[in-house]
Amino acid sequence: MSAVAVSLKGVRKSFGPIEVIRGVDLEIPSGQRHAIIGPNGAGKTTLFNLISGRFRLSSGVITVCDTAIDGLPAHRINRLGLSRSFQVTSIFPRMTVFENMRCGLLWSRGYGYSVWHLLGREKALNDAAERLLERLGLRDRRDVPAGLLSYADQRALEIGITIGGGAEVILLDEPTAGMSHSETDRAVELIRSMTEGKTLIMVEHDMSVVFGLADVVSVVVYGELIASDRPDRIRANKAVQEAYLGTEAA
Amino acid sequence: MSTQTSGAGIGGLVTGGAGVALRRNALWLICLAIALVMPWLFFDFTTGRHSGFVVSMLSQMGLMIVLAMSFNMLMGQAGLLSFGHAVFFGFGGYCTAHALNAIKAETMWLPVELVPLVGGAGGLVFALVLGYPATKQRATAFAMITLAIGELVTACALMFKLFFGGEGGVSTDRMIDTSLFGFSYSQSIQVYYLVVAWTVIAVALMWLQTQTPLGRMANACRDNFERAQFVGYDPRRVRYWQFALSGFFAGIGGALYALVYEIVTFDTLAAPMSGNALLMAYIGGAGGFFGPVLGAILVVLLQSGVSLLSSAWLVYVGVLFIIMVMFAPGGMIGLIGAHKPIARIGRLRALMVPYARMLVPALLALLGFVLLVEFATFMTIGAAQGKKFKLFAGELDPATALPWLIAGGALVLGGLWLRREARAFRVVWDGLMAEAKARGAAA
Amino acid sequence: MEVFLVSTLNGLVYGMLLFMLASGLTLIFSMMGVLNFAHASIYMLGAYFAYDISRTLGFWSALVLAPALCFLVGAVVEMYGLRRVHRNGHIAELLFTFGIAFIIEKAVQMIWGLLPVPYRVPAVLDLPLFTIYGTNFHAYRGFMLLISVLMFVAIWLGLTRTRIGMVIQAALTHPEMASALGHNVPRIFTLVFASGAALAGLAGVIGGNYFVTEPSMAYTMGPIVFVVVVFGGLGSLAGCFIASLFMGLVQTYAVVIDYSLADLLTSAGVAINTASPWAEILTVPIPRIGALLPFLLLILILLFRPRGLLGTRDT
């Protein structure tokens with residue numbers, strides 16, 4: 001495992017004439033819990049999309065586990081060890097909860113595009129999927145089509161699929177968005193336990209989640225990184241206060 | 001699905017092991033039994049022969065089941081809409097016809113019973129080649145590419161006479177004396193049982209395929225290809241392999257076609273056949289597994305039965321298709337399956353009266369529609385042939401206005417009345433579903 | 001040389017007809033994401049309606065009434081069919097338009113019969129307009145060109161000078177955004193769909209008597225229109241225009257070049273007879289390949305440049 005999970009050097013992204021990411025340099029070491037915050041429209045999700053290969057870079061270099069990823073298709077980046085969740089919950093709605101979980105484990109366990117394995121008979125695989133569902137608290141709903149789960153349960157399932165496949169670098173895009181207090185607490189506990197020892201990069205708006213989970217917080221405003229530091233120092237940072245609250249409050 | 005084996009004693013014997021397997025597959029076994037017995041229900045004991053019409057229709061059902069099921073590997077399982085699927089069916093048929101001729105000429109040897117594998121191999125190879133460009137795209141672009149491929153292959157079939165035999169097609173003979181069981185296949189009933197055997201094999205294999213990693217990931221890519229990428233899979237490769245396998249099974253269907261009809265022409269690969277596959281799979285129900293079987297049976301019934309009475313049977317199929325697209329996108333299987341929660345709480349009987357109340361206006365509207373269609377067809381085709389329009393015992397003259405007004409009136413009246421009854425039905429349905437949900441039966 | 005000039009003129013006429021058809025489809029596909037399989041079917045309906053109307057009320061009434069009828073058909077299909085099916089996803093929409101195309105073809109066969117109907121060019125236009133190199137340029141072709149150009153100008157003015165045209169332009173390239181800005185996108189969709197249908201109907205009115213009016217005309221015209229739309233690219237009417245003319249010219253030239261690859265090789269000194277390998281492929285005359293060209297092009301474009309010529313997004 002490399003020392004640096006994700007690195008961004010001089011990253012720029014434009015959509016037509018509009019430059020959304022304007023020169024970001026960031027290094028995230030392995031095992032760090034890193035949160036990215038910033039006002040709406042700052043480009044946080046765009047950064048995620050660049051790191052996960054959904055968008056091409058306009059210039060600069062992004063490496064994941066020491067491999068440059070520009071131009072690689074998403075599944076290749078995933079096989080390098082990076083997985084992500086999405087702002088809009090992304091699961092397999094017509095498949096059961098159990099099937100969803102199992103699909104998350106197939107590639108990492110070497111099943112590939114095989115037609116020679118009957119999945120019903122693969123004990124180790126099925127047990128692993130059941131255990132993960134147990135951790136997520138979804139075992140009792142394993143046969144429900146995932147699209148019928150409640151919002152919070154779907155989010156939990158997505159986190160499970162994202163992490164269960166054994167990825168070393170986990171990107172979570174607003175994992176607690178739309179959740180109630182108790183659901184948020186549950187989700188945070190889940191994230192904490194499941195990302196033990198892994199690199200976690202999170203976009204979040206909920207400050208309690210950020211300050212509770214993160215080792216390092218980066219602040220992105222108008223496509224630029226204006227600060228990247230420990231949570232307590234970020235809180236006291238003048239520039240950050242200005243960006244969020246305006247010059248009056250600073 | 002986890003099986004619950006009950007505790008001790010006889011109960012344990014019945015619900016465990018073989019008993020469970022039997023129960024779970026009961027529906028399939030019943031269908032198989034029906035398929036095996038059906039020709040005998042139409043056995044003419046005076047002449048000692050099966051009804052040729054029935055055996056022919058049943059054989060066709062078998063072929064179409066294989067075609068429709070192979071199509072659904074793409075549409076229902078992988079979310080890929082193909083407008084050119086029949087090319088693999090047809091190509092498999094052509095390969096088989098040539099193989100049979102080669103066996104007859106003794107340039108190769110293969111038991112008749114294994115000949116469908118040739119069709120399958122042909123379909124597989126063809127799909128591996130054509131699938132490479134086709135699966136580069138998905139959704140609408142994929143559909144357009146398959147449409148274009150279908151047209152190109154059909155045109156080639158007419159141009160390249162060496163392999164495709166031009167407009168006359170390739171004739172063959174299934175009585176090649178290489179049966180493993182000593183059958184000559186001179187009687188259509190023997191061919192029918194061969195068709196049944198291969199249909200069962202093909203469907204069973206396709207079922208098993210859905211339980212494999214590829215089959216499951218095909219479902220996953222259908223549901224959400226981006227999430228599939230982030231569990232490590234290349235959706236393009238998933239599409240490609242699924243496409244290749246669907247070509248394999250379509251080829252088996254084509255081989256059966258060659259065996260049954262002993263001639264393969266270009267319309268086995270042309271657009272109408274592809275459209276047929278689509279109609280059957282969709283009308284039956286693309287979402288589950290069993291749907292296309294039902295759809296194939298229904299469409300062949302309509303084709304064989306209705307086409308005897310009316311030359312406009314395609315209009316009816318088309319209208320049925322549109323109605324299903326609009327109101328029952330899950331197909332017939334979806335419609336039946338929607339009743340499950342209500343059946344679970346044992347309240348199906350409450351729907352009997354509402355259904356009956358809808359049935360009458362539906363029949364009226366249907367009668368009106370059928371009459372209108374038949375009048376129109378008659379005016380253009382029938383009248384020129386000097387026939388008279390016979391309805392049950394009486395004669396009608398569609399050249400006058402009255403029959404049209406009556407038919408149109410029946411359609412409109414039936415339609416409006418049906419809408420009212422449908423609304424009332426909806427109320428009853430929603431109430432029962434809410435009850436089922438409250439009692440935990442709806443999932 | 002004269003063949004080339006005459007073919008070019010004919011190709012342009014055909015190309016403009018294609019544009020009339022393809023422009024409606026491009027608008028619908030770009031805005032609503034629906035590949036309307038039934039578009040060519042409405043073209044066919046336009047021709048058949050015109051045939052019936054012109055028998056009783058004359059050609060000029062048909063020119064106005066038939067597209068109006070097609071407008072109504074389009075509006076009904078969109079409001080009561082497509083809109084309902086929209087929520088079942090893209091595949092359901094495709095299947096719906098496919099089903100409509102299917103039914104229209106069967107209905108036409110049912111009502112007007114299987115054989116071509118004698119829909120003729122009106123007598124007043126049935127004469128040569130001018131003569132080039134000894135070949136007559138038919139007046140009706142000039143008429144077709146005139147109508148196409150007028151319609152093109154009308155579309156251009158409508159899209160660039162009217163308010164609703166602006167909204168349509170926006171929705172063409174960014175449909176969700178237009179909706180988010182508060183425009184009544186469903187109503188606009190109905191308008192665009194029905195207008196596209198009217199255009200297709202108009203194309204049918206003037207094309208039906210020039211070509212043959214028969215139940216399979218939708219099936220033969222359909223794929224060519226798809227190719228034009230994909231070739232021109234989504235979201236671009238200019239691309240559609242160029243692609244239409246290109247396809248019109250190519251198809252017209254292909255029909256005229258009555259050689260085959262074998263002939264080419266023979267003239268280069270390589271003899272090809274029926275015993276040679278690949279003989280079947282090489283002796284296919286170019287006109288036949290020309291009929292296949294739209295499909296080949298469609299595949300190639302979708303594989304290598306899904307954006308088409310000037311498209312703003314991938315197909």
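What share of the 250 residues in chain A is buried? In this predicted model, buried residues make up 44% of them.

Let's stay with chain A for a moment. Its secondary structure comprises nine helices and 10 strands. Chain A is as compact as a globular protein of its length, because its radius of gyration of 19 Å is close to the 18 Å that the globule rule gives for 250 residues. Along the principal axes, the C-alpha atoms of chain A fill a box of roughly 60 × 40 × 35 Å. Take the contacts in chain A between residues at least 6 apart in sequence: 66% of these join residues at least 24 apart.

Now for the neighbours. Where chain B meets chain A, 25 residues of chain B and 31 residues of chain A take part. On the chain B side, α9 (188-210), α10 (213-223), α11 (225-229) and α12 (235-261) each supply at least two residues, and α10(B) has the largest share with seven residues.

Chain B also touches chain C, with 36 residues of chain B in contact with 35 residues of chain C. The elements of chain C that give two or more residues to this side are α3 (59-86), α4 (90-112), α9 (217-232) and α13 (286-304). Of these, α4(C) gives the most, with 15 residues.

How values were computed: Residues numbered from 1 in each chain as written. Chains lettered and ligands numbered in written order. Predicted model: local features only at pLDDT ≥ 70, side-chain atom pairs only at ≥ 80, totals over all residues. Contact = placed C-beta atoms within 7 Å. Helix = DSSP H or I, 4+ residues; strand = E, 2+ residues; numbered from the N terminus. Rg over C-alpha atoms; globule rule 2.2 N^0.38 Å. Buried ≥ 20, exposed ≤ 12 C-beta atoms within 10 Å, placed from the backbone.
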